[in-house]
Amino acid sequence: MAVELTWYGHATWMISTDEHKVLLDPFFDDSPTAPIKAAEVEADFILVSHGHFDHIADVANIAKRTGAPVYAIYEIANWFSANHGIENATGMNIGGAIELPFGKLKMVPAVHSSGLPDGSYGGVAAGFLMKIGEKKLYFACDTALFSDMQLIGAVGLDVAVLPIGDLFTMGPDDSVTAIDLLKPKTVLPSHYNTWPPIEQDASSWAKLVKSRTKASPIVLNPGDSYTVE
Ligand code: NI
Ligand code: MN
């Protein structure tokens, strides 16, 4: 089964299979780099890594328009149900997995905070590990470098998507260490160049990855896609 990853800028990704569109951390209308608006987005499933505005801003409107079910940590799933009328929100927690029509989805640790925009408690931040057909994909989402990434990588990753923006997440140097721990075949950068404080030179990052790891770096422009090989 072909798996295609589309980067919509910032930390927003669409994971597309032949049959399903899985949207991660939708941030469109207020994102300076999103190439499309939330009203144009189709989704069959919506995944939420944590409660910060730049990851949840367009969850409710896309979920309502498309009817896509939302998967998030327990506290955030409840918050969407209670505050935004999202009936089809499933709470998960760290280490838990669920079989979904597109594949297996596991919520894995991330080292980051997760307060919701109104001050509500959002539980802890998460990353996602997915098995879609035979492909194994890891979305680190907002996180620092942490040594348990080697456990996540032990499944044998085809793809890792890592933040490189620094300031709020790991930066380029730590991402290289993360790649050493994760050992993915391919790595794509995320959570950078949205605003000046997280500006990074992605081509320098790609050179660094090539010179110091065995992974192939793939740098996308917002709106571009990569087909997982
Ligand atoms: Ni965040
Ligand atoms: Mn963020």
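Start by colouring the strands: you'll find an open sheet of 7 strands in the order β7-β8-β9-β10-β11-β12-β13, with mixed pairing. Now pick out β7 (97–100) and β13 (216–217), which stand at the edges with a single partner strand each, so one side of each has no neighbour in the sheet. Keep in mind on this tour that you're looking at a predicted model.

**Inside the sheet**

Next, select β11 together with β12 (residues 186–190). These strands run parallel, and 5 bridges join them.

**The metal site**

Time to switch to the ligands. Select the nickel ion (ligand 1). Which protein atoms are its donors? They are NE2 of His50, ND1 of His52, NE2 of His112 and OD of Asp142, lying 2.2 to 2.3 Å from the ion. Along the chain, these donors follow the spacing H-x1-H-x59-H-x29-D. If you check the angles among the 4 donor atoms, you get 88 to 179 degrees, and the site is irregular. Why not tetrahedral?

Then look at two of the histidines: histidine 52 sits in the loop between β4 (45–47) and α1 (53–56), while histidine 112 sits in the loop between β8 (103–109) and β9 (126–132), so the pair ties together parts that are 60 residues apart in sequence.

For the last stops, a bit of background: most residues other than glycine have a negative phi. Select cysteine 141, in the loop between β10 (135–139) and α4 (149–153). Its phi is positive, near 60 degrees, though it's a residue other than glycine.

Then jump to leucine 167, in the loop between β11 (159–163) and α5 (172–182). Leucine 167 isn't a glycine either, yet has a positive phi of about 65 degrees.

Buried or exposed: what is cysteine 141? Cysteine 141 counts as buried, because its relative accessibility is 11%. Leucine 167, at 58% relative accessibility, counts as exposed.

Note on methods:
Residues are numbered from 1 along each chain as its sequence is written. Chains are lettered from A and ligands numbered from 1 in the order in which they are written. This is a predicted model: local features need pLDDT of at least 70, side-chain atom pairs count only at pLDDT 80 or more; totals for chains, interfaces and linings use all residues. Side-chain values use heavy atoms; hydrogens and water are left out. Donors are N, O and S atoms within 2.8 Å of the metal (3.2 Å for Na, K and Ca); water is not among the atoms, so sites may look incomplete. Four donors count as tetrahedral if all angles lie between 85 and 135 degrees; four count as square planar and six as octahedral if opposite donors are over 155 degrees apart and all others between 65 and 115; anything else is irregular. Helices (H or I, at least four residues) and strands (E, at least two) are DSSP runs, numbered from the N terminus. Buried means under 20% relative accessible area, exposed over 50%, partly exposed in between (1.4 Å probe, protein chains only). Two strands pair if DSSP finds at least two bridges between them.
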